[in-house]
Amino acid sequence: MEYDMTAQQKEGFDEMMMRRALQLALNGAGGVSPNPMVGAVIVAPGGRIIGEGWHRRYGGAHAEVNAVRSVAAADEPLLPQSTIYVTLEPCSHHGKTPPCSLLLREKGFRRVAVGMVDPNPKVAGRGIRMLREAGAEVTTGILETECRRLNVRFITAQTLRRPWIQLKWAESADGYIAGRRGEERAIFSSPLSMTLMHKERAMTDAILVGTDTLLTDNPSLTTRLWPGRDPVPVLFRSERWDESDTGIRLLSRNPIILDPDTPLADNMHLLMERHGITSLMVEGGSRILQSFVDSGLYDEIRIERSPAPLHAGTPAPHIAERTRHDAYSHAQGGARGGIKKT
Ligand code: AOF
Ligand code: ZN
């Protein structure tokens, strides 16, 4: 069947298989960071899928290895005539696992279809080169935009050496993020938006709040409404609290503590380089959020706006119209960040 297809049909078939690989990759969400999510599909001549796999957890087998392992013994002789679709270039380095390109070479795959080149400088095209040198036909850039979007966090961390930064706040219809001091705490979220927020947290490595928010809200910043890991708390050291204060919830969760006198950009690099944080959600308060906005250190802003006005209180961070556009241009090579309103 595959051989009778027109070029256009072949392209459509490639995309369909890559879409399946993307679907598989997503199963790794919340479990593989700081590694990327990766999916792989093995297709025998005639178009039958004989193997599937994905990267399941950090430190574990890569997608290609799991896909090869999933092939039934009876289908193994088909591997040299088969195509493997992988959302990310097969690796060429000895990391926690041996190079996938070697495995694919050993199995003799006729063709390797790749979504995007691995931005990890240890790989960066070497996997593709190795496979081509071994005689495999390598096609790259299949559903590249989708593959990049899936791993914006990994790509940002690898290329900018800082986490993907999401600023997040909830505001009243008239643009306040909190009521006046001493007033009862205003609630802007609905049960549904809270659940979505927790889902988002479960996909995020770390979560940062400023000292005012830490002391006035005493937040827990867990993902209790969604299955998954709680993000690591990130705080700024301050004389207003000390590490022995058992009343502050976040202190019991082994927070990363940043030096407030270090420039924000350097602190962001440190999160990535020293702690392996590839994504950071900044949850407030307004002063901290504003400092991220002003330094242009963000990839996405998520604003939740309540239909009800508050009339007075702490104004939401100010984003200039120009900055709103910047939020889009900050996106990494085709991956779209931006301002989302929920
Ligand atoms: C692949 N397939 O499924 C993944 C890849 O420490 P390791 O050995 O797990 O290697 C991690 C690096 O390997 C990671 O930074 C990225 O460059 C690549 N991830 N590569 O061929 C996979 N997860
Ligand atoms: Zn690999």
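In what follows, Ala, Val, Leu, Ile, Met, Phe, Trp, Tyr, Cys and Pro count as nonpolar, Asp, Glu, Lys and Arg count as charged, and the others, Gly among them, count as polar.

Good morning. The structure shown above is a predicted model, in which local features need pLDDT of at least 70 and side-chain atom pairs count only at pLDDT 80 or more, while totals for chains, interfaces and linings use all residues. Residues are numbered from 1 along each chain as its sequence is written, chains are lettered from A and ligands numbered from 1 in the order in which they are written, and side-chain values use heavy atoms, with hydrogens and water left out.

I begin with the whole chain. The protein chain holds 11 helices and 14 strands; these are DSSP runs numbered from the N terminus, helices being H or I with at least four residues and strands E with at least two. Its C-alpha trace spans about 70 × 40 × 35 Å along the principal axes. Of its 342 residues, 51% count as buried, where buried means under 20% relative accessible area, exposed means over 50%, and partly exposed lies in between, with a 1.4 Å probe and protein chains only. Among contacts (heavy atoms within 4.5 Å) with a separation of 6 or more, 75% come from residues 24 or more positions apart.

Let us turn to ligand 1. Which residues come nearest to ligand 1? Of the 18 residues around it, the nearest are H62, A63, E64, K96 and D118; a residue is near if one of its heavy atoms lies within 4 Å. This shell divides into 7 nonpolar, 7 polar and 4 charged residues. Oxygen atoms of the ligand lie 2.5 Å from a polar side-chain atom of D118, 2.7 Å from a polar backbone atom of K96 and 3.2 Å from a polar side-chain atom of N35. Taken alone, ligand 1 exposes 520 Å², and the protein buries 95% of that; such areas come from the Shrake-Rupley method with a 1.4 Å probe, and for residues only the protein chains shown count as cover.

Next, strand 1, residues 39–43. V41 has E52 as its bridge partner in strand 2, and I42 stands opposite I84 in strand 3. Strands 1 and 2 form a hairpin with 5 residues between them, and G46 in the turn has a positive phi of about 100°.

Finally, two individual residues. E283 lies in the loop between strand 11 (279–282) and helix 10 (286–294). Why does E283 count as buried? Because its relative accessibility is 16%. The side chain of E283 makes a polar contact of 2.9 Å with the side chain of R201. A polar contact is a pair of N or O atoms within 3.5 Å; within protein, one must be able to donate a hydrogen and the other to accept it, and residues adjacent in sequence count only if both atoms are side-chain atoms.

R305, in strand 12 (residues 300–305), counts as partly exposed because its relative accessibility is 39%. A polar contact of 2.4 Å joins its side chain to that of E171. Thank you.

Key: Pairing = 2+ DSSP bridges.
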